[in-house]
Every structure is written in structure tokens, then in C-alpha cells.
There are 2 protein chains.
Amino acid sequence: MTSPHLSAEAVIADAADLADASGFDAVTLSAVARRLGVRTPSLYSHIRDLAALRDGITALALGELSDVVAVAIAGRSGKLALRGLADAHRTYSTRSPGRWQSLQRRAGPTAVESGAARRLVTLTDAVLLGYGLSAVDRVHATRLIGSTINGFLTLERVGSFDHSTPAPGASWTVALDALDTLLASWPRTSHDEPPQ
Amino acid sequence: MTSPHLSAEAVIADAADLADASGFDAVTLSAVARRLGVRTPSLYSHIRDLAALRDGITALALGELSDVVAVAIAGRSGKLALRGLADAHRTYSTRSPGRWQSLQRRAGPTAVESGAARRLVTLTDAVLLGYGLSAVDRVHATRLIGSTINGFLTLERVGSFDHSTPAPGASWTVALDALDTLLASWPRTSHDEPPQ
DNA sequence: GTAATTACCTATAGGGTATAGGCTGACTTG
DNA sequence: CAAGTCAGCCTATACCCTATAGGTAATTAC
């Protein structure tokens with residue numbers, strides 16, 4: 001038979017597609033092997049085990065998300081940058097729900113070592129620099145807007161907004177406007193130099 | 001042997017304890033049966049299937065969370081009520097991580113039919129009434145603070161805050177103060193009657 | 001006291017993870 | 001170019017988990 005010529009990247013990419021199509025929990029070595037036209041044990045030549053496969057999806061998603069966020073905030077500042085950052089997260093979560101789901105777990109070693117997570121917080125930090133916040137305030141603010149974005153998207157995904165009337169998109173705009181005014185009028189902590 | 005005299009409630013309660021101890025993904029019919037000193041198929045007399053068991057945990061957690069939130073905001077208003085609401089969520093998520101995890105998924109039928117979810121949003125709405133917000137603004141605000149609380153707690157749980165210096169608790173206070181000032185100075189939408 | 005119900009059991013099928021070990025084709029190497 | 005090496009897939013197997021079918025003992029109902 002023609003050898004499918006797999007690789008760790010190909011297996012992980014296919015698993016990520018499966019996650020998007022059928023949910024992260026549907027990512028199983030058997031299912032991925034089936035999709036790739038290969039027997040399950042063959043995957044072990046490329047992937048250590050199921051946990052490593054899932055961790056690979058997380059690392060992939062983190063990198064992809066960093067990329068789309070980077071272009072979304074490029075050349076923007078203030079409210080536009082914040083909106084770009086948030087919208088990049090939101091379109092990623094809707095277009096790649098399985099990959100997004102892979103981010104809602106404690107990341108494994110390869111995902112944290114990939115540095116993609118740090119890249120993402122650096123990008124968020126860059127947006128906050130535009131608001132003139134000090135270093136400590138920026139980590140508080142990073143955590144706040146990260147929490148709000150992440151929380152909104154998981155609540156939207158699990159259907160928490162399905163039983164109230166305004167569409168989620170309206171609340172999304174309201175929330176981001178609120179975060180913007182919050183950052184613009186951030187309570188400066190006395191003697192704190194904003195830059196650096 | 002002495003019959004363990006199980007019931008759906010007992011099985012779900014034990015499964016919830018297992019979730020707290022070993023994570024929600026560790027909730028398995030075999031493991032629960034082992035803990036209860038019973039063979040796996042015996043559980044099917046009380047629970048339809050694994051999905052129903054997990055859904056039962058979600059319904060249980062939703063009810064418990066509503067209860068602790070209710071007492072946390074009783075007799076308080078404004079910032080104190082908001083803080084009570086949020087802290088109730090946070091202590092619940094740290095004391096019962098597995099139950100908390102069960103809330104981060106699309107809820108099954110029995111969980112939604114239990115009405116606990118609606119009770120929880122009603123309680124949140126009551127807190128927002130104290131800020132004098134209109135009905136539409138209250139659903140936006142409910143979604144915003146729900147998103148922030150939920151997002152913060154999942155990011156804290158998965159370790160996203162482990163690599164920056166201020167302890168999460170400090171950011172928690174900052175975030176809640178920010179939400180309070182946000183609600184206090186909420187941009188009223190022109191001709192909107194605040195009450196009812 | 002007998003019958004029905006209940007709550008557990010064993011047995012079994014099917015799918016998932018993971019390891020061990022075999023086969024083949026391609027690439028290196030003298 | 002022939003022989004060895006190795007990568008990449010395979011089969012076979014063990015074990016765990018879900019789920020169903022059907023059996024048994026004890027309690028309850030009448």
C-alpha cells in the first residue's frame with residue numbers, strides 16, 4: 001500500500017480538525033487513525049500517547065490564536081486594538097471550536113514550552129501599553145480582559161446566553177465598550193510610572 | 001453481602017466527590033462503582049448512562065452554587081453584594097473543583113430543567129438591581145460579570161496566572177473593584193426607566 | 001405463603017489505549 | 001551494487017470502560 005507518510009504535525013493537524021468538527025472530547029487515537037486511513041498503533045510512531053496528541057492540539061491552537069491576534073492588533077491602538085484583540089479571539093472560538101476547547105484545560109509540557117502562551121500575553125500587554133498603564137496595572141488588566149473574553153466565549157459556547165433575549169453579539173459590544181472606558185479611566189496607583 | 005442501598009442521588013453525590021478529588025474527567029461508571037463497593041452494571045438501575053451521571057453532577061453543582069450565592073448576597077447590596085456573589089463563586093470553584101468543572105460544558109436536559117441555572121441568573125439580576133440598571137442593561141451586565149467571574153476562575157484553575165508575579169487574589173480584588181465602578185457609572189441608555 | 005418487585009449479580013459484546021513484535025521498502029554504506 | 005539498517009506501517013494482544021441481557025436473592029404486597 002502507498003505509505004500515508006505521516007508526521008507528528010500531520011497527525012496533530014488532523015486531530016485538530018476532528019476536534020473542530022466533532023468536539024475536543026471526540027479526539028481519540030482510533031478516530032484519528034481511521035480518518036488517516038491507518039491502524040491505531042501506527043500513530044504511536046509519531047505521537048507518544050493520547051495526552052501528547054491533545055497537548056499538541058493545544059500548542060497548535062495557542063500558536064494560531066497568537067497569529068490571528070497579532071494581525072488583528074497590528075497598526076491599531078486603544079479601543080480599536082482592544083476590539084481587534086477580542087474579536088480575533090471570538091472568531092477563532094467560533095471558527096475553530098474544538099481548537100478553542102483545547103485551550104480550556106491545564107496545558108501540557110509541549111504547549112507551555114512552545115512559548116505561544118507567553119507570546120499571547122505579550123500581545124495583550126502591547127494593547128494595554130496603549131492605555132498608558134503601569135507594569136503592575138497591566139498584569140491586572142491583562143488578567144481582567146483575558147478573563148472577560150475567555151469567560152464570555154465559554155458561556156456563549158455552552159449556551160448560557162441562549163435563554164435571554166438580546167443576541168450575544170450585542171452584549172459583546174457592550175462588554176468591550178465597558179472594558180475600554182475602564183482602561184481609559186484606570187485608577188492609577190499613586191506614584192507609578194506608566195511606560196516601560 | 002449487605003446491600004449498599006443505592007439511589008440516584010447517592011450515586012451522583014459520590015460521583016461529584018470523585019470529580020472534586022480526581023477531576024471531572026475521572027468520573028467514570030467503573031470508578032464510581034468501585035468507590036461504592038458495587039459492580040458497574042448495578043449503577044444502571046439508578047442512572048441511565050454516563051451522560052446522565054455527568055448531567056446529574058452539573059445539576060447538583062448548579063443547585064449548590066445557587067445556594068451559596070443566595071446566602072452570600074443576602075442582606076447586602078451594591079459593591080458588597082457583588083463581592084459576595086463573586087467570592088461565593090470563587091470559593092465554590094476552589095473547594096469543589098470537579099463540580100465547578102462540570103459547569104463548563106453544555107448542560108444536559110435534567111440540569112436545565114432543574115431551574116437552578118435560572119435561579120442563579122435571578123440572583124445575579126438581584127445584585128444588579130441594586131445598581132439601578134434597566135432591564136436590558138441588566139442582561140448585558142449579567143453577562144459581563146458572569147463572563148468575568150467564570151473566565152477568571154477557569155484561567156486561575158488551568159494555571160494561566162502561574163507565571164506572572166502578583167498573586168491571583170490581588171487581581172481578583174482589582175477586577176471586582178473595576179466591575180463595581182463600571183456598574184456604578186453604567187452608561188444609561190437615554191430614556192430607560194431603571195426599575196422593574 | 002406466594003407473587004411481584006427490587007437491587008444486586010455474572011456474562012458478554014464492543015470500542016478505546018497501549019505495548020510487543022513482525023514485515024517491507026527505502027536509504028545508507030562500503 | 002549488494003548488504004545492512006532503519007523508518008513506518010502492520011497484526012496480535014492485554015486491559016479498561018460502557019452498555020445490555022439475563023439470573024438470583026431478599027424484601028414487600030396482598
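**Contacts and a helix**

Guide: The contact takes 27 residues from chain A and 27 residues from chain B, where two residues are in contact if their C-beta atoms, placed from the backbone, lie within 7 Å. This is a predicted model: local features need pLDDT of at least 70 and side-chain atom pairs count only at pLDDT 80 or more, while totals for chains, interfaces and linings use all residues. Residues are numbered from 1 along each chain as its sequence is written, with chains lettered from A and ligands numbered from 1 in the order in which they are written.

Visitor: Which element gives the most to the side of chain A that touches chain B?

Guide: Helices are DSSP runs of H or I with at least four residues, numbered from the N terminus. The elements giving two or more residues to this side are α8 (135-158) and α9 (168-184) of chain A. The most, 15 residues, comes from α8(A).

Visitor: Which residues are closest to DNA strand C?

Guide: A residue is near a strand if its C-beta atom, placed from the backbone, lies within 6 Å of it. Around DNA strand C there are 18 residues. The closest are A:Leu29, A:Pro41, A:Asp49, B:Arg39 and B:Ser42.

Visitor: Against which helices do the buried residues of α4(A) pack?

Guide: A residue is buried if 20 or more other C-beta atoms, placed from the backbone, lie within 10 Å of its own. In α4(A) the buried residues include A:Leu82, A:Leu85 and A:Tyr92. The buried residues of α4(A) pack against α3 (50-73), α5 (97-101), α7 (116-129), α8 and α9 of chain A.

How values were computed:
A residue is buried if 20 or more other C-beta atoms lie within 10 Å of its own, exposed if 12 or fewer, and partly exposed in between; C-beta atoms are placed from the backbone.
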